[in-house]
Amino acid sequence: MNRRKFITRSVQASALTAVPVGTIFAQENTIKPIQSNVILPKKLKKGAKVGLIAPGYALSDKALQNAITNVKAMGYEPFYTSRISGNYGYFSNTDIARVEDIHEMFLNPAIDAIFCARGGYGCTRILKDINFDYIQQNPKILLGFSDITALVNSIYQKTGIVTFHGPVGTTLDNQFNRTQLKRIIEHTNNSIQLATETFPASKTLADSTFENYVITSGTARGKLVGGNLSLLSAMTGTDFDVDYTDKIVFIEEIDEDPYRVDRMLTQLLDSKTFKHAKGIVLGVFKGCDDPKRANSFSLKEVILDRLKPMNIPCVYGFPIGHVDHNITLPVGIEARLNTQNYSLELLENSVS
């Protein structure tokens, strides 16, 4: 699904407006660090109440109903407010309303987890207005990808809470995505081998972006950070820049010309900390190997040129991001990458 096009019950707002939100939803701090500055949200159980938000692009009624259906299919109870479909230009609502929705979902003790209903541009506009103290004092699962890259990394860096890069409500529409998500957010297993996919030659010949290959061999261990390349690039040099030092970085992208991928990878390489990463896991960059100009490098040539000189373990072709099968990656959790067996293993619990 194109990142730009990517796309139960309402809160009783009248009951909330009379008293400050922080007063109504005040609750005991449930912070549970596993290491210094790392906080685990609580695992989900069947029947958990999941708050749906649209912190970026506008959400159609059909897309909202699809997200509701998918959340119910996982055994959870969906919940959303009227702010989710304000349709303010190309955003789901105004910047203020989208921030208020995020705050309310974290502050409301009845909400067990927060799933973004869709991606789409808008999250970077509101980062400066988020009260990260509200979030830190009420750690919950936050799930999403694409533009949600800005939220999952910023929340982890500002609060220490583990967040989750994985399907949004509208893409929890297949058993693979649901199963991989449940493995991560419903269980406290110290070690989880994340799923990978390989494709037949007929598939890779038809679309070169589905080829699996090793860029630099080796093993690496570090905490996971990352997400959509365009967002990681956009956050570079801001107050919300990702710290890649000693991290395993996962990166995905869709529908970008090879020269654009080149430019964004170059920006990361020129940033302060990307050069200090321990390893890199690339998703399937679907639609990124169809250059619109003659004499272009291929996507693979760009990736090899930009990342191989880093001389750290690096692989391409994991089911991450804008593909039908999208694994869930906990941001902030220690993982081990092994290029020899094409594996990525979580080494810590992601939930408590």
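Me: Which strands does helix H3 lie across, and at about what angle does it run to E3?

Reply: In this predicted model, H3 lies across E3, E4, E5 and strand E6 (141–144), and its direction is at about 170° to that of E3.

Me: What is the order of the strands in the open sheet of 6 strands?

Reply: The order is E4-E3-E5-E6-E7-E14, and the pairing is mixed. Neighbouring strands of this sheet are turned by 30° against each other on average, with direction ignored.

Me: What makes E4 and strand E14 (329–331) the edges?

Reply: Each of these two strands has a single partner strand, so one side of each is left without a neighbour in the sheet.

Me: How do you know that strand E3 (residues 49–53) and E4 pair?

Reply: Two strands pair if there are at least two bridges between them, and E3 and E4 have 3 bridges, in the parallel sense. The count meets the cut-off, so the two strands are a pair. Along them, Val50 stands opposite Pro78 in E4.

Me: Why is the aromatic pair of Phe91 and Tyr121 called tilted?

Reply: The ring centres of Phe91 and Tyr121 are 5.7 Å apart, which is within 6.5 Å, so the rings pair. Phe91 lies in the loop between strand E4 (77–79) and helix H3 (95–107), while Tyr121 lies in the loop between strand E5 (113–116) and helix H4 (123–126), so the pair ties together parts that are 30 residues apart in sequence. Phe91 and Tyr121 also belong to one aromatic cluster with Tyr57 and Tyr90.

Me: Why does Phe91 count as buried, and Tyr121 as partly exposed?

Reply: Phe91 has a relative accessibility of 3%, which is under 20%, so Phe91 counts as buried. Tyr121 has 36%, which lies between 20% and 50%, so Tyr121 counts as partly exposed.

Me: What makes the pair of Tyr244 and Phe274 edge-to-face?

Reply: The ring centres are 5.2 Å apart and the planes are at 85°, which is over 60 degrees, so the pair is edge-to-face. Tyr244 is buried, with a relative accessible area of 0%, and Phe274 is buried with 0% as well.

Me: How do you know that the charged end of Lys203 sits over the ring of Phe210?

Reply: The charged end of Lys203 is 4.2 Å from the ring centre of Phe210, which is within the 6 Å that the label asks for.

Key
Residues are numbered from 1 along each chain as its sequence is written. This is a predicted model: local features need pLDDT of at least 70, side-chain atom pairs count only at pLDDT 80 or more; totals for chains, interfaces and linings use all residues. Side-chain values use heavy atoms; hydrogens and water are left out. Rings of Phe, Tyr and Trp (its six-membered ring) pair if their centres lie within 6.5 Å; planes under 30 degrees apart count as stacked, over 60 as edge-to-face and the rest as tilted. Helices (H or I, at least four residues) and strands (E, at least two) are DSSP runs, numbered from the N terminus. Buried means under 20% relative accessible area, exposed over 50%, partly exposed in between (1.4 Å probe, protein chains only). A charge sits over a ring if NZ of Lys or CZ of Arg is within 6 Å of the ring centre and within 35 degrees of the ring normal. Axes are lines fitted to C-alpha atoms, for helices over the stretch in contact, and angles run from 0 to 180 degrees between N-to-C directions. Contact means heavy atoms within 4.5 Å.
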